Amino acid sequence: MEKLRCGWCEKDDLYRKYHDEEWGRPVYDDETIFEFLILESFQAGLSWYTILSKRENFRKAFDHFNYKKIAQYSDQKVEELINNAGIIRNKLKILATITNAQKFMEIQNEFGSFSQYIWEFVDGAPIDNNPKALSEIPATTEISDRISKDLKKRGFKFMGSTVVYAHMQATGMVNDHLESCFIRK
């Protein structure tokens, strides 16, 4: 019997695997949260599929999203990344990644972990929107607006409310799997 999935993921096996194994599953470890923050920031203005198809290239190029290393990147490393055809070669987004790694660690120092900080916005538990149709899934919410505003105030770049909401979906802070999706069973 065919599994019923959220309609957005039926493009190919890469999308289905991401949907089935990651999207909407609660993530509490800082390393994975950081990876998704960076990938979502690179998505700004692009499709998630574009980013997902380059994910392994991003992992290699950005030292497996080791924020401690990224925070120390030199101008030479920035040039190397700008010339890396396997990733999105947007200098502003690359520079933002370095800034965001630095700010990420500042939040860790303040809250004990970035996870502790970000999950406080949803009282530590996923919000279940239980949508019946893709048209019911928002691009932003009041909570993503608040998180975005706070991240920007703390110096993060490319963290608009739409990027933040996508991050919330990816890391399971919200469950936007359709009511008919097999993940809900």
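**Entry 1: threonine 171**

I looked up threonine 171 and found it in the loop between helix H10 (161-170) and strand S2 (174-175). Helices (H or I, at least four residues) and strands (E, at least two) are DSSP runs, numbered from the N terminus. I am working on a predicted model, in which local features need pLDDT of at least 70 and side-chain atom pairs count only at pLDDT 80 or more, while totals for chains, interfaces and linings use all residues. Residues are numbered from 1 along each chain as its sequence is written, and side-chain values use heavy atoms, with hydrogens and water left out.

Is threonine 171 buried or exposed? I have it as buried, at 1% relative accessibility (buried is under 20% relative accessible area, exposed over 50%, partly exposed in between, with a 1.4 Å probe and protein chains only). Its side chain reaches the backbone oxygen of histidine 167 at 2.8 Å. Leaving aside neighbours within four places in sequence, I list Arg25, Pro26, Val27, Phe36 and Trp119 as its contacts (heavy atoms within 4.5 Å).

**Entry 2: arginine 55**

I placed arginine 55 in helix H4 (residues 55-61). Arginine 55 is buried, with a relative accessible area of 7%. Beyond four places in sequence, I found arginine 55 in contact with Tyr18, Glu22, Glu35, Phe36 and Leu39. With glutamate 22, arginine 55 makes a side-chain polar contact of 2.7 Å. A polar contact is a pair of N or O atoms within 3.5 Å; within protein, one must be able to donate a hydrogen and the other to accept it, and residues adjacent in sequence count only if both atoms are side-chain atoms. I also checked isoleucine 87, which lies 32 residues from arginine 55 along the chain, with 8.1 Å between the C-alpha atoms.

**Entry 3: salt bridges**

How many salt bridges are in the whole structure? My search gave 17, a salt bridge being a side-chain nitrogen of Lys or Arg within 4 Å of a carboxyl oxygen of Asp or Glu. I noted that glutamate 10 pairs with arginine 5 at 4.0 Å, N to O, and with arginine 16 at 3.1 Å. Arginine 5 is buried at 16%, whereas glutamate 10 is partly exposed at 35%.

I then took aspartate 150 and arginine 154, whose closest N and O atoms are 2.7 Å apart in a salt bridge. Aspartate 150 is buried at 13%, and arginine 154 is partly exposed at 22%. Elsewhere, shared partners join Arg5, Glu10, Asp13, Arg16 and Asp20 into one salt-bridge network.

I put the largest pocket at about 360 Å³. Of its 19 lining residues, Trp23, Gln43, Trp48, Ala166 and Gln169 are the closest to the centre. Which element gives the most to this lining? H10 does, with 6 residues. I counted the lining by class as 14 nonpolar, 4 polar and 1 charged.

The second largest pocket holds about 170 Å³. Among its lining residues I see Tyr18, Glu22 and Arg55. H1 gives the most here, with 4 residues. The classes are 3 nonpolar, 1 polar and 6 charged.

For the terms: on a 1 Å grid over the protein atoms alone, a pocket is an open set of points where a 1.4 Å probe fits, with protein on both sides within 12 Å along at least five of seven lines, and lining residues have an atom within 4 Å of a point. Grid points are joined across faces, edges and corners, and a volume is the space filled by probe spheres set on the points. Ala, Val, Leu, Ile, Met, Phe, Trp, Tyr, Cys and Pro count as nonpolar, Asp, Glu, Lys and Arg as charged, and the others, Gly among them, as polar.
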